[in-house]
Amino acid sequence: MSDSNMDLTNNMIFKLGVEAGRKQVMEHIQHQCSIGKPIEANGELYWLKDSKQHLLDVMDSIDDEWNQEQGLKKYIVPIRRNYNGGEVIREVIIHADKAENAMLITIGDFQHNGNGWSVDTDYMNYREIK
């Protein structure tokens, strides 16, 4: 009878060890995902993403496909704003069929709403994202 008690105890210890190991692996996966680092498994690197990032990637893919069907491209448009005695420079990504329209959209979104941003109107130098 003592052998079956010993087996039960060893079985319980084994199960607790597996559960602890599993918890460590899950925490490691979550940590690596949160810092944008890969997981190594069997000599390969795997880049993981959480459900929110996966959904954003799917939405971006749908958006890109729709824009391509509509003949729209992505342009990087520089904008500026004076703030606390200095100048803040940012870039926005605008979907448009040509750079001039990207400039007009950005002017409408940023310059005309009274928030202090000015749009770089030299649209010939806008970069297109491929």
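I began at the end of helix H2, which is followed by Gly71, a residue with a positive phi near 80°. I note that this is a predicted model, in which local features need pLDDT of at least 70 and side-chain atom pairs count only at pLDDT 80 or more, while totals for chains, interfaces and linings use all residues. Residues are numbered from 1 along each chain as its sequence is written, and side-chain values use heavy atoms, with hydrogens and water left out.

**Entry 1. Helix H2**

I took helices (H or I, at least four residues) and strands (E, at least two) as DSSP runs, numbered from the N terminus. At 1.5 Å a residue, the 20 residues of H2 should span 28 Å, and the C-alpha atoms at its ends lie 29 Å apart, which agrees.

**Entry 2. The largest pocket**

Rolling a probe the size of a water molecule over the atoms shows where empty space is left. On a 1 Å grid over the protein atoms alone, a cavity is a set of points where a 1.4 Å probe fits but cannot get out, whereas a pocket is an open set with protein on both sides within 12 Å along at least five of seven lines; lining residues have an atom within 4 Å of a point. Grid points are joined across faces, edges and corners, and a volume is the space filled by probe spheres set on the points.

I found about 190 Å³ of space in the largest pocket. Its lining consists of Asp64, Asn67, Gln68, Gly71, Leu72, Lys73, Lys74, His95, Glu128, Ile129 and Lys130. Helix H2 (51–70), strand S3 (73–83) and strand S6 (127–129) are the elements that each give two or more residues to this lining. Which element gives the most to the lining? It is H2, with three residues.

I sorted the lining by type, counting Ala, Val, Leu, Ile, Met, Phe, Trp, Tyr, Cys and Pro as nonpolar, Asp, Glu, Lys and Arg as charged, and the others, Gly among them, as polar. The lining of the largest pocket has two nonpolar, four polar and five charged residues.

**Entry 3. Salt bridges**

Side chains of opposite charge can pair when their charged atoms come close. I counted a salt bridge where a side-chain nitrogen of Lys or Arg lies within 4 Å of a carboxyl oxygen of Asp or Glu. The structure holds four salt bridges, and I looked up several of them. For exposure I used relative accessible area: buried is under 20%, exposed over 50%, and partly exposed in between (1.4 Å probe, protein chains only).

Asp57 and Lys49 meet through their side chains at 2.7 Å, N to O. Asp57 is partly exposed at 27%, and Lys49 is partly exposed at 44%.

Arg80 pairs with Glu87 at 3.8 Å, N to O. Arg80 is partly exposed at 29%, as is Glu87 at 48%.

In the salt bridge of Arg127 with Glu91, the closest N and O atoms are 3.5 Å apart. Arg127 lies in strand S6 and Glu91 in strand S4 (residues 86–96), so the pair ties together parts that are 36 residues apart in sequence. Arg127 is partly exposed at 45%, and Glu91 is partly exposed at 47%.

I looked up Thr106 in helix H3 (residues 99–111). Is Thr106 buried or exposed? Thr106 counts as buried because its relative accessibility is 0%. With contact taken as heavy atoms within 4.5 Å, and residues up to four places away in sequence not counted, Thr106 touches Val77, Ile79, Val92, Ile94, Gln111 and Val119.

Gln32 has its place in helix H1 (residues 2–34) and is buried, at 14%. Leaving aside neighbours within four places in sequence, Gln32 is in contact with Lys37, Pro38 and Ile39.

Most residues other than glycine have a negative phi, and most peptide bonds are trans. Asn42 is in the loop between strand S1 (39–41) and strand S2 (44–46) and is exposed at 83%. Asn84 also has a positive phi, near 50°. Asn84 is found in the loop between S3 and S4 and counts as exposed at 72%.

Definitions and conventions: The expected span of a helix is 1.5 Å times one less than its number of residues.
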